[in-house]
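Hi,

Here is the structure I promised to pass on.

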Amino acid sequence: TSGSEENDVVIIGGGPGGYVAAIKAAQLGLKTTCIEKRGTLGGTCLNVGCIPSKALLHSSHMFHEAQHSFASHGVKFSSVEVDLPAMMAQKDKAVSTLTRGIEGLFKKNKVNYVKGYGKFISPSEVSVDTVDGANTVVKGKNIIIATGSDVKSLPGITIDEEKIVSSTGALALKKIPKKLVVIGAGYIGLEMGSVWRRLGSEVTVVEFAPDIVPSMDGEVRKQFQRMLEKQKMKFMLKTKVVGVDTSGDGVKLTLEPASGGDQTTLEADVVLVSAGRTPFTAGLGLDKIGVETDKVGRIPVNERFATNVSGVFAIGDVIPGPMLAHKAEEDGVACVEFIAGKHGHVDYDKVPGVVYTHPEVASVGKTEEQVKALGVEYRVGKFPLLANSRAKAIDDAEGLVKIIAEKETDKILGVHIMAPNAGELIHEAALALTYDASSEDIARVCHAHPTMSEALKEAAMATHDKPIHI
Ligand code: FAD
């Protein structure tokens, strides 16, 4: 490790925010060092988040398809079984290939990589306890905090990563639980619940709020929940966990209606706590240099990602905003563009959100509820996947596209898609929103046939005129 020479930029944290900021800074000609304690790059996302979860979602989906769909497509075999260690090994290989790939990108772009725990000793110096047991001081004219977030537990619940697991434990269970209880119906809980449901677990999701994924458009959410229920995921909404007993073989949860009332119990082999994530700044020495945090531990920043301490910036999950990898990446790029004297910009109204269940649910822009609350007059255009030829051809036609456009101008305000590949389809909508397109703009773009993207075109037709195929 080195770092005694002064850097233009020092980044603490090598997740999607930090590593992308580091590469971009180096590309802009800035002398850059990235400090990461984990031993591998890629942060939560690559190591214990986006990537391993998508690997298991894909593998478990293949198993589920083999069990339930292949025969109707004329593909038959005598038996199909899960080899969990092999499934986990494929996930681990995906993770290690990608994290090593970032090390390669650091070398290629001449980013100096220091493996160790960083701690501020002044606004321009970070002391690092390196993973090999040494200590080094890294100096920088500008320091970016990209320390991300960590799993959050609930009062009275201790995560042991065996019986009571966080998403990290749920990505590495050694056997398929007979009964899995998921506390929290956010996207992480529903994705991990889907993985184990497909592999055979009975899954019950307990949620305090009256709805699953509260940020989702209400109409789409209803269909989404029905779809998950069809997959035999059970929901206990408006319910709180008031007691956890792990003394027996499994876990016994005591539940109560959110508004109070009679208690019930629920047994599980494994309980996944997915009640949100919390900004991670432990041991960073923020108090030492006077960087402020808000009441939930996030670091407030201005539009240039500057904290209240000159020369110290923050990006990603550790600042307010959606806790998403692509948002952290955008923050990272914009932050170093400002540091390099250029202009950076992130439009937080157009950050897509995707739930990677099957079908996927993706959205960008405003929900109908948000548009209503703004008092804007609007039109809604919808198109069901059942009327889309590609979805029918492959017999995977559950879902819809919903577009909300301003009534007077036809400008698109929000797009919500439930479809097998909604996470890919959403970017045409993100582009449209970014360029202030109208629904007619999308409707008049020639879309290849047969594709699910045609459902977006038809929903756009339905928004300002009439669709053809329904
Ligand atoms: P992080 O990725 O958390 O990285 C921060 C890094 O900083 C960590 O590696 C940490 O070790 C390091 N660090 C912290 N403190 C120090 C220190 N003092 N010194 C040195 N290093 C330090 N988002 C999506 O967009 N799509 C998804 O599909 C998705 N799926 C997810 C699934 C799961 C199960 C989870 C848990 C999260 C998922 N996320 C997803 C969220 C995503 O992982 C985060 O939004 C993203 O990783 C945030 O990036 P970041 O760089 O801000 O922080």
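Before the annotated sites, a word on where they come from: UniProt positions are in the numbering used here, and annotations may be inferred rather than shown by experiment. Please also keep in mind that this is a predicted model.

With that said, UniProt lists His449 under "active site", in an unreviewed entry. In the model, His449 sits in the loop between helix H13 (439-443) and helix H14 (453-464). Is His449 buried or exposed? It counts as exposed, because His449 has 10 C-beta neighbours inside 10 Å and the cut-off for exposed is 12 or fewer.

The other annotation is a "binding site", again from an unreviewed UniProt entry, which takes in Gly184, Ala185, Gly186, Tyr187, Ile188, Gly189, Leu190, Glu191, Glu207 and Gly276. I looked at two of these residues in more detail:

- Gly184 lies in the loop between strand S8 (179-183) and helix H6 (187-198). Gly184 is buried, since 24 other C-beta atoms fall within 10 Å. Not counting residues up to four places away in sequence, Gly184 touches Gly189, Glu207, Val273, Ser274, Ala275 and Gly276.
- Leu190 is in helix H6. Leu190 is buried as well, with 27 other C-beta atoms within 10 Å. Leaving aside neighbours within four places in sequence, Leu190 is in contact with Ala185, Ile212, Leu228, Val355 and Thr357.

Now the ligand. Which residues are closest to the ligand? They are Gly13, Gly15, Gly43, Gly148 and Gly316, out of 37 residues that surround it. Several elements each supply at least two residues of this shell: H1, strand S2 (32-36), helix H2 (43-48), helix H3 (50-68), strand S3 (112-122) and H9. H2 gives the largest share, with four residues. By type, the shell around the ligand divides into 16 nonpolar, 17 polar and four charged residues.

Two of those shell elements, H1 and H9, also pack against one another. The axes of helix H1 (residues 16-27) and helix H9 (residues 325-339) come within 7 Å and cross at roughly 35°, and the crossing is right-handed. On the H1 side, the contact involves Pro16, Gly17, Gly18, Val20, Ala21, Lys24 and Ala25. These meet Ala325, Ala328, Glu329, Asp331, Gly332, Val333, Cys335 and Val336 in H9. The residues of the H1 and H9 contact divide into nine nonpolar, three polar and three charged.

Finally, two single residues that I noted along the way:

- Lys238 is found in the loop between strand S10 (233-236) and strand S11 (239-245). Lys238 counts as partly exposed, because there are 13 C-beta neighbours inside 10 Å. Lys238 touches Pro210, Pro257 and Ala258, not counting residues up to four places away in sequence.
- Gly101 is in helix H4 (residues 84-109). Gly101 also counts as partly exposed, with 13 C-beta neighbours inside 10 Å. Gly101 and Glu360 are 259 residues apart in sequence, and 27 Å apart from C-alpha to C-alpha.

Cheers

Definitions and conventions: Residues are numbered from 1 along each chain as its sequence is written. This is a predicted model: local features need pLDDT of at least 70, side-chain atom pairs count only at pLDDT 80 or more; totals for chains, interfaces and linings use all residues. A residue is buried if 20 or more other C-beta atoms lie within 10 Å of its own, exposed if 12 or fewer, and partly exposed in between; C-beta atoms are placed from the backbone. Two residues are in contact if their C-beta atoms, placed from the backbone, lie within 7 Å. Axes are lines fitted to C-alpha atoms, for helices over the stretch in contact, and angles run from 0 to 180 degrees between N-to-C directions. A crossing is left-handed if the near helix is turned anticlockwise from the far one by less than a right angle, and right-handed if clockwise. Ala, Val, Leu, Ile, Met, Phe, Trp, Tyr, Cys and Pro count as nonpolar, Asp, Glu, Lys and Arg as charged, and the others, Gly among them, as polar. A residue is near a molecule or strand if its C-beta atom, placed from the backbone, lies within 6 Å of it.
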